[in-house]
Amino acid sequence: MKKQNGGNAHFSFTSWQQTCLITSTLIGVGVLTLPRTATSRLLEAGWIVPILGSIGAYFALWMITKLSRRFPGMTIIEYSPLVWASPENPRLGKILSLPWIFIYLMFLYVISAISSRIFGEVVVTSVLLNTPLEVIIITMFLLAYFLCLHEVEVVARVNEILFPLNLFPVLFIAFASFQKAEWNHLFPLVRVPGKSMLEGALEATYSFSGYEIMMIYFAFAQRTSNKEKAGFFGILITTVVYTLIVVAGITVFGYEELQRVTWPTLELVKTTQVPGLILERLESAFLAVWVAAVFTTIANSYYTFIYGLRQFFGKGIVFQRIAALFLLIPLFFIALWPQNIVEIFKVSSLIGLGGLCLNIGIPLIYWLVLFLRGKGWDESKERKADG
Amino acid sequence: MSQFWNAWKKRKESLRDQSLQQHASKSMESVDDVTITTDLDENIALIEHQLGKSDDLVVRRFQVKTGQDAALVFLDGMVDCDVISQYIIQNLTSSSITYDKSATNELETTTGLRQIIRNILSGNTVLMIEGETEAYLNNTRGWARRGVEEPQTESVVRGPRDGFCETLMVNASLVRFRLKDPNLRVRHMIVGQRTQTDIFVLYIEGLAHPPIVEEIISRLEKLNLDAVLESGYIEQMIQDNRYSPFPQIQNTERPDKVVANLLEGKVGILVDGTPFALIAPSVFSQFYQSPEDYYERFYIASLIRFIRIISISIALLLPSLYIAFSSFHPEMIPSRLVIAMAAGRSTVPFPSLVEALIMEMAIEILREASVRLPGPIGPTIGIVGALVVGEAAVSAGLVSPIMVIIVAVTTIGSFASPSYSAAIAIRMLRFPVMLLAGMFGLYGIMLFIILILVHLSSLKSFGVPYMSPLSPLNLQGMKDLFLRVPYHLMTKRPTMFRVHDKIRLKEEDDQS
């Protein structure tokens with residue numbers, strides 16, 4: 001095998017681990033605002049938004065999967081030069097692929113910064129009122145850094161083990177708030193014109209950003225695993241969770257009220273009561289368990305960013321550990337860049353848009369280039385025949 | 001930079017290697033290549049020189065039937081005197097049995113001085129005869145040993161009562177007697193340069209994954225320890241992550257546990273001089289699984305496993321949950337309880353973190369003291385502890401009554417884990433999580449849990465992920481993780497240890 005690769009992780013990710021990776025990364029801070037963003041265009045029909053969004057997301061993920069099938073066992077960092085130039089000309093390929101890799105890695109970097117900022121804001125405003133925002137952000141970063149100390153197979157196992165903790169709080173809140181649901185908030189089913197339907201769907205795809213990490217992690221998938229299926233289930237689980245949360249938000253509050261709350265999902269939690277009153281108010285517990293979901297988003301993005309850097313420079317685990325530590329400092333400043341919550345939401349919707357362009361754009365452009373260079377699908381069959 | 005670092009490290013290593021070699025060669029070089037001669041007196045002098053004329057070295061000279069001078073060399077106290085006098089001396093002097101057929105059960109010949117010395121030191125008797133170039137090594141080991149007793153640390157209500165003792169051969173026999181599989185392999189090794197401790201590596205051929213067995217053996221071979229007095233030395237040296245608080249090799253006093261684990265394709269290590277056997281690779285489930293789970297009906301076994309998991313969580317988290325709730329999230333507790341708690345805490349001058357730390361420290365001191373206390377005065381500590389820590393601390397206004405309950409439940413919870421070395425890991429981790437809870441409340445506790453989960457996921461025991469079968473998910477292994485499903489449903493062995501013979505139970509034919 002000619003590919004140089006760090007660690008002994010090659011071909012070790014099971015299908016289930018891939019599904020967990022996708023779902024855990026997707027479910028993150030976005031859920032806290034999702035009921036509001038989903039209903040802003042489509043009003044009562046906001047619950048369609050995640051379903052529409054998932055189609056776009058799956059399309060992008062499908063292209064990523066096919067790219068990884070075309071270059072089996074390679075990450076985007078490794079196959080980019082092969083896409084942009086012939087293998088005889090590695091330097092040209094590296095130069096041409098540089099902007100794309102740069103955009104991709106920077107995007108992951110910014111995502112991890114902004115996610116931790118949003119999470120910090122939520123924690124500071126609702127649970128730990130006397131704790132400085134910076135402390136929350138730093139603790140999240142340190143956790144992400146701790147993950148970066150390990151090899152890539154650990155990431156898969158961590159996501160697998162935290163998976164129940166990711167799903168449980170959201171599902172619990174969604175189902176528990178159905179006690180107070182007023183189902184007629186959902187009607188009339190469709191009253192918005194087709195144009196805003198499309199806009200809403202576009203916006204919805206924002207909340208599905210995060211699966212771009214698979215451009216790296218599909219390289220470690222087991223040969224026998226079905227990446228398409230793993231991706232499909234990853235997106236499907238997320239869609240179900242998102243839809244449930246939006247439906248819960250609409251049925252409990254109605255769409256007008258949803259527009260006026262900053263963290264609609266957290267408000268849902270506040271209305272929820274545990275039978276028997278073992279715990280009186282749940283938002284602290286919810287946010288505490290929710291840390292796992294946020295951690296997987298932030299840490300996965302940051303790890304992917306660091307791992308991408310490491311592969312780009314062809315370095316080992318020591319480089320990864322040192323780089324991860326020092327790059328936390330700019331990350332901290334990026335996280336503190338937006339001055340207030342309004343700016344944060346502005347930035348995060350910009351990031352959503354950027355994510356959409358990136359997730360659909362990069363695979364699309366790569367495939368276009370591959371076909372234009374006449375190196376599309378056929379060659380991979382030859383490669384397989386070669387062994 | 002890194003080159004310089006590497007060079008420096010290499011230089012340091014080579015220096016250390018040199019000094020180690022010098023050290024080792026000084027004591028061993030005189031023995032290694034020396035062979036004995038035909039001169040009896042010279043040979044005896046050689047041995048006496050090697051052992052530094054120790055006073056417990058016995059040289060018994062006599063004449064064999066055929067007339068040559070002979071000598072028996074052994075260490076007093078290490079040998080069974082009856083065997084020597086009855087079967088060796090009597091036979092060789094009186095009857096017509098020749099010395100190469102002396103009537104002990106193991107007889108070897110050697111010419112190397114080193115092997116002779118080793119055999120003397122391990123309780124064998126060396127027979128040397130004037131004019132012979134070889135020495136005869138007779139197995140006469142018979143030092144004071146403890147009998148097979150019930151294990152102290154892992155007691156069960158139902159199950160075999162015998163535990164390992166300090167003698168390697170007895171321990172091996174306890175395993176053999178339960179496992180009459182001809183494929184059981186016993187590899188003898190010697191570790192510890194000075195203690196020369198015998199160990200047995202046990203595995204079932206055709207079940208255990210050969211690379212795992214080889215890995216274990218190669219790590220044992222590389223073991224450069226001076227002394228191995230207990231299996232803990234080996235455990236800490238050969239485990240994958242030496243800095244982890246979690247034991248990556250299981251230890252047990254119970255032969256049935258060793259056999260059960262061998263049958264799952266794991267490897268057992270028996271160490272001479274200690275009743276604790278090692279089992280590797282081992283995974284997280286050792287924290288809450290006991291052999292008894294397999295002896296009782298599966299409903300109760302599964303229920304008890306859940307209870308153990310809950311009690312481990314309590315032992316780890318309850319004090320920190322108290323700290324988090326009382327100092328950060330009082331709104332979560334039902335209002336009546338809050339009032340009761342506030343009333344109880346009204347006289348307490350400290351924040352709840354300090355209160356909890358005081359009580360937990362007191363309990364740890366009590367525990368340590370009660371372990372060290374001589375048996376007859378043991379109950380004293382219970383009375384003193386219960387009175388002081390319980391009643392007096394509350395009435396003096398140092399701690400709140402609810403804190404006493406929490407400390408008590410925490411302590412009891414930590415005893416419910418069947419494995420002591422796993423339980424002490426939990427016991428220790430309780431303190432950092434209390435500090436984090438004191439800083440960040442529930443958020444801090446969750447940070448800690450994630451930290452521990454990441455660490456646990458990164459651990460491996462001889463190539464087997466520590467959190468398997470949970471991650472990577474293995475449905476066959478899940479049948480015996482939280483639940484203990486009935487035997488007829490566990491037809492296959494868990495594959496996480498990469499067993500070769502996967503079928504554990506043949507399908508029953510008589511489904512009438």
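At what angle do helix H7 of chain A and helix H10 of chain A pack, and how far apart are their axes?

1. **A pair of helices in chain A.** Please keep in mind throughout that this is a predicted model. Helix H7 of chain A covers residues 152-176 and helix H10 of chain A covers residues 227-253; they pack at an angle of about 35°, and their axes are 9 Å apart. The crossing of H7(A) and H10(A) is left-handed. If you want to find the meeting place on your screen, look for A:Leu167, A:Val170, A:Leu171 and A:Ala174 on H7(A), which meet A:Val241, A:Leu244, A:Ile245 and A:Ala248 on H10(A). The residues of this contact divide into 8 nonpolar, no polar and no charged.

2. **Where chain A touches chain B.** Next, the contact between the two chains: 29 residues of chain A are in contact with 26 residues of chain B. On the chain A side, helix H1 (15-26), helix H6 (133-148), H7 and helix H13 (283-313) each supply at least two residues. H13(A) gives the most, with 7 residues. By type, the residues on this side of chain A divide into 19 nonpolar, 6 polar and 4 charged.

3. **The layout of chain B.** Chain B is divided into domain 1 (25-138), domain 2 (168-282) and domain 3 (296-465). Between the C-alpha centres of domain 1 and domain 3 of chain B there are 60 Å.

4. Follow the strands in the order S1-S2-S4-S5-S3 and you trace an open sheet of 5 strands in chain B, with antiparallel pairing. Strand S1 (57-63) and strand S3 (107-110) of chain B stand at the edges; each has a single partner strand, so one side of each is left without a neighbour in the sheet. From one strand to the next the twist averages 25°. Helix H2 (residues 40-50) of chain B lies across S1, S2 and S4 of chain B, running at about 10° to S2(B). Helix H3 (residues 81-94) of chain B lies across S1, S2, S4 and S5 of chain B, at about 170° to S2(B).

5. **Another sheet in chain B.** Here the order is S6-S7-S9-S10-S8, again an open sheet of 5 strands with antiparallel pairing. The edges are strand S6 (184-191) and strand S8 (250-252) of chain B, and because each has a single partner strand, one side of each is left without a neighbour in the sheet. The twist averages 25° from one strand to the next. S8(B) is joined to S10(B) by 3 bridges, running antiparallel, and B:Asn251 stands opposite B:Leu278 in S10(B).

6. **Strand S9 of chain B.** Is this strand mostly covered or uncovered? Strand S9 (residues 267-271) of chain B is mostly covered, with 5 of its 5 residues buried. Both faces are covered: B:Val267, B:Ile269 and B:Val271 lie on one side, B:Gly268 and B:Leu270 on the other. In a regular strand the side chains alternate between the two faces of the sheet. Strand S7 (residues 197-204) of chain B is joined to S9(B) by 4 bridges and runs antiparallel to it; B:Gly268 is the bridge partner of B:Leu202. S9(B) also pairs with strand S10 (residues 277-280) of chain B, in the antiparallel sense over 3 bridges, and there B:Val267 has B:Ala280 as its bridge partner. The hairpin of S9(B) and S10(B) has 5 residues between the strands, and in it B:Gly273 takes a positive phi near 95°.

7. **A residue to look up: B:Arg185.** This residue lies in strand S6 of chain B. Why does B:Arg185 count as partly exposed? B:Arg185 has 17 C-beta neighbours inside 10 Å, which is why it falls in that class; a buried residue would need 20 or more, and an exposed one 12 or fewer. Leaving aside neighbours within four places in sequence, B:Arg185 is in contact with B:Tyr203 and B:Glu205. B:Val283 is 98 residues from B:Arg185 in sequence, and the two are 23 Å apart in space, C-alpha to C-alpha.

Conventions
Residues are numbered from 1 along each chain as its sequence is written. Chains are lettered from A and ligands numbered from 1 in the order in which they are written. This is a predicted model: local features need pLDDT of at least 70, side-chain atom pairs count only at pLDDT 80 or more; totals for chains, interfaces and linings use all residues. Two strands pair if DSSP finds at least two bridges between them. Domain bounds come from an automatic or database domain assignment. Axes are lines fitted to C-alpha atoms, for helices over the stretch in contact, and angles run from 0 to 180 degrees between N-to-C directions. A crossing is left-handed if the near helix is turned anticlockwise from the far one by less than a right angle, and right-handed if clockwise. Two residues are in contact if their C-beta atoms, placed from the backbone, lie within 7 Å. Ala, Val, Leu, Ile, Met, Phe, Trp, Tyr, Cys and Pro count as nonpolar, Asp, Glu, Lys and Arg as charged, and the others, Gly among them, as polar.
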